[in-house]
Amino acid sequence: MKVISIRSPFQVSVADPTAIASKVELFIWNKGTAMPTFPTYVMSENIPSVTQLEMTYNISPFIAEYINQIQPNKGSTTVTIEDNSNWAYCFAKAYYTTDGTTFTLISEELYICLNSFTNPEDGANFDISNLQYVLLTPNDKIKITYYTNFQIPYYNFVCERDTVSNYIVRYYSSNGSVINAQTILTAGAIEEYNFRIPLAYTSASVQIKIFLGTDIIHEVDCELLDECKYTPNNVDFINSYGGWQSMVFFKASQDSIDIKSTDYNVMQSNWNYNPKIGQSKTMNTNGQQTVKCNSGWVDENYDLLMRDLLLSETILLNGKPVIVKTKQLMYKTYLKDKNINYTIDFEYSNNLINNIV
């Protein structure tokens with residue numbers, strides 16, 4: 001399967017020495033519904049010049065509206081299928097014409113589309129090609145921690161069904177024994193899926209390994225922690241791979257509100273005014289609530305998660321939508337900082353007084 005990241009430009013290129021124009025047809029849909037009979041979008045353009053024949057189309061913005069990630073479905077200890085609105089299919093067909101009337105098909109490709117982005121060093125027109133599976137996390141070697149009172153987090157696992165082997169997830173205790181094993185997907189006809197892989201099984205710290213047949217394809221440690229002094233804050237966000245990521249800020253947090261209003265001078269009803277009515281009045285009052293969260297001591301490679309958090313467009317703090325107010329963050333290392341701790345400012349994305357219309 002070919003996977004593309006829709007938060008970065010993805011170009012479909014058309015070039016033919018005899019072409020005078022081209023067009024690209026996009027068929028976009030979510031799993032569980034049929035591929036559209038007619039194109040969802042049609043784009044066309046003429047050749048730039050007689051010496052520049054290549055015509056390119058950025059298809060990413062057109063796919064974005066078909067991916068709708070609002071909140072994670074956490075808490076289960078069983079592997080389940082992710083909501084189909086978390087990803088999409090795109091079938092792209094490219095044509096050229098030599099007379100402006102008859103179009104010749106030059107290429108067609110099916111893409112798995114994720115709400116992710118690529119790095120500039122990956123280059124233009126980058127796609128994750130010819131993969132059977134991809135774990136939607138920036139680094140599966142990061143130890144994930146969660147709080148005993150919070151719902152069990154998960155990773156998204158996008159895969160193509162194997163015709164011979166099963167996908168299996170196994171949970172190991174601290175002594176290396178298997179405490180649970182679940183079949184993610186049995187072998188069979190090729191089909192694409194997006195699964196939720198729980199990062200814990202029962203109330204214990206575990207090591208999780210995902211297998212394709214007998215081969216280990218991913219592994220991650222998940223540590224169950226408790227906090228006896230502060231009230232932890234749970235953050236869920238869409239990471240750079242387009243999957244749900246959970247983080248717990250265990251240590252001290254600080255809530256505050258910022259009030260905005262407009263003051264006006266008012267006119268009394270008559271000269272014999274009521275002194276209980278003031279000369280000025282505050283109107284259009286509303287406010288925003290902000291929270292300063294503290295991660296506690298974390299591993300050095302948490303900088304990857306912090307980067308993805310600051311770059312995410314979908315963030316929930318304790319189940320409520322927020323935006324990150326922190327716009328600058330210095331990565332920390334054991335060598336320079338010894339103990340590593342991060343502090344992030346969040347602002348709830350709804351006003352304190354409901355004025356949604």
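A residue counts as exposed when its relative accessible area is over 50%, as buried when that area is under 20%, and as partly exposed in between. Keep that scale handy, because lysine 338, with a relative accessible area of 57%, lands on the exposed side. One thing to know before going on: this is a predicted model.

## The whole chain

Let's start with the big picture. The protein chain has three helices and 23 strands. Its C-alpha trace spans about 85 × 70 × 45 Å along the principal axes. A compact globule of 357 residues would have a radius of gyration near 21 Å, but this chain comes out at 26 Å. Of the 357 residues, 44% count as buried. Now look at contacts between residues with a separation of 6 or more: 69% of them involve residues 24 or more positions apart.

## The nonpolar cores

In soluble globular proteins, nonpolar side chains tend to be buried together. Here, the largest nonpolar core has 50 residues. Which of its members touch the most other members? They are Phe157, Ile184, Phe195, Ile197, Phe249, Leu309 and Phe346. Apart from that core lies another one, of 22 residues, among them Val24, Tyr57, Cys90 and Tyr96.

Phenylalanine 157 is itself buried, because its relative accessible area is 0%.

## Rings and charges

The structure holds 10 aromatic pairs. In one of them, tyrosine 41 and phenylalanine 62 have ring centres 5.0 Å apart and planes at 55°, so this pair is tilted. Tyrosine 41 belongs to strand 4 (residues 41-46) and phenylalanine 62 to helix 1 (residues 60-64), so the pair ties together parts that are 21 residues apart in sequence. Tyrosine 41 is partly exposed, with a relative accessible area of 24%, and phenylalanine 62 also counts as partly exposed at 24%.

Another pair joins tyrosine 133 and phenylalanine 157, whose ring centres are 6.3 Å apart with planes at 25°, so these two are stacked. This pair links distant parts of the chain: tyrosine 133 sits in strand 9 (residues 133-135) and phenylalanine 157 in strand 11 (residues 154-160), 24 residues apart. Tyrosine 133 is partly exposed at 26%, whereas phenylalanine 157 is buried.

There is also an aromatic cluster made of Trp29, Trp87 and Tyr89.

| Charged residue | Ring below its charged end | Distance to ring centre |
|---|---|---|
| Lysine 23 | Phenylalanine 103 | 4.7 Å |
| Lysine 320 | Tyrosine 348 | 5.9 Å |

Not counting residues up to four places away in sequence, aspartate 308 touches Phe117, Pro138, Phe237, Ile238, Asn239 and Ser240. Serine 240 is 68 residues away along the chain, yet the C-alpha atoms of aspartate 308 and serine 240 are separated by 5.8 Å.

Asparagine 180 is found in strand 13 (residues 178-185). With a relative accessible area of 14%, asparagine 180 is buried. Its side chain makes a polar contact of 3.1 Å with the side chain of glutamine 182. Leaving out residues up to four places away in sequence, asparagine 180 touches Val169, Arg170, Tyr171 and Tyr201.

## Two loops with a positive phi

Most residues other than glycine have a negative phi. Asparagine 318 is not a glycine, but its phi is positive, at about 50°. Asparagine 318 lies in the loop between strand 21 (315-317) and strand 22 (320-324), and at 38% relative accessibility it counts as partly exposed.

Lysine 338, the residue from the opening, has a positive phi of about 60° although it is not a glycine. Where does lysine 338 lie? Lysine 338 is in the loop between helix 3 (334-337) and strand 23 (343-348). Back on the scale we started with, lysine 338 is exposed because its 57% is over 50%.

Key:
Residues are numbered from 1 along each chain as its sequence is written. This is a predicted model: local features need pLDDT of at least 70, side-chain atom pairs count only at pLDDT 80 or more; totals for chains, interfaces and linings use all residues. Side-chain values use heavy atoms; hydrogens and water are left out. Contact means heavy atoms within 4.5 Å. A nonpolar core is a set of buried Ala, Val, Leu, Ile, Met, Phe, Trp, Tyr and Cys residues joined through side-chain atoms within 4.5 Å. Buried means under 20% relative accessible area, exposed over 50%, partly exposed in between (1.4 Å probe, protein chains only). Rings of Phe, Tyr and Trp (its six-membered ring) pair if their centres lie within 6.5 Å; planes under 30 degrees apart count as stacked, over 60 as edge-to-face and the rest as tilted. Helices (H or I, at least four residues) and strands (E, at least two) are DSSP runs, numbered from the N terminus. A charge sits over a ring if NZ of Lys or CZ of Arg is within 6 Å of the ring centre and within 35 degrees of the ring normal. The radius of gyration is taken over C-alpha atoms; the globule rule is 2.2 Å times the number of residues to the power 0.38. A polar contact is a pair of N or O atoms within 3.5 Å; within protein, one must be able to donate a hydrogen and the other to accept it, and residues adjacent in sequence count only if both atoms are side-chain atoms.
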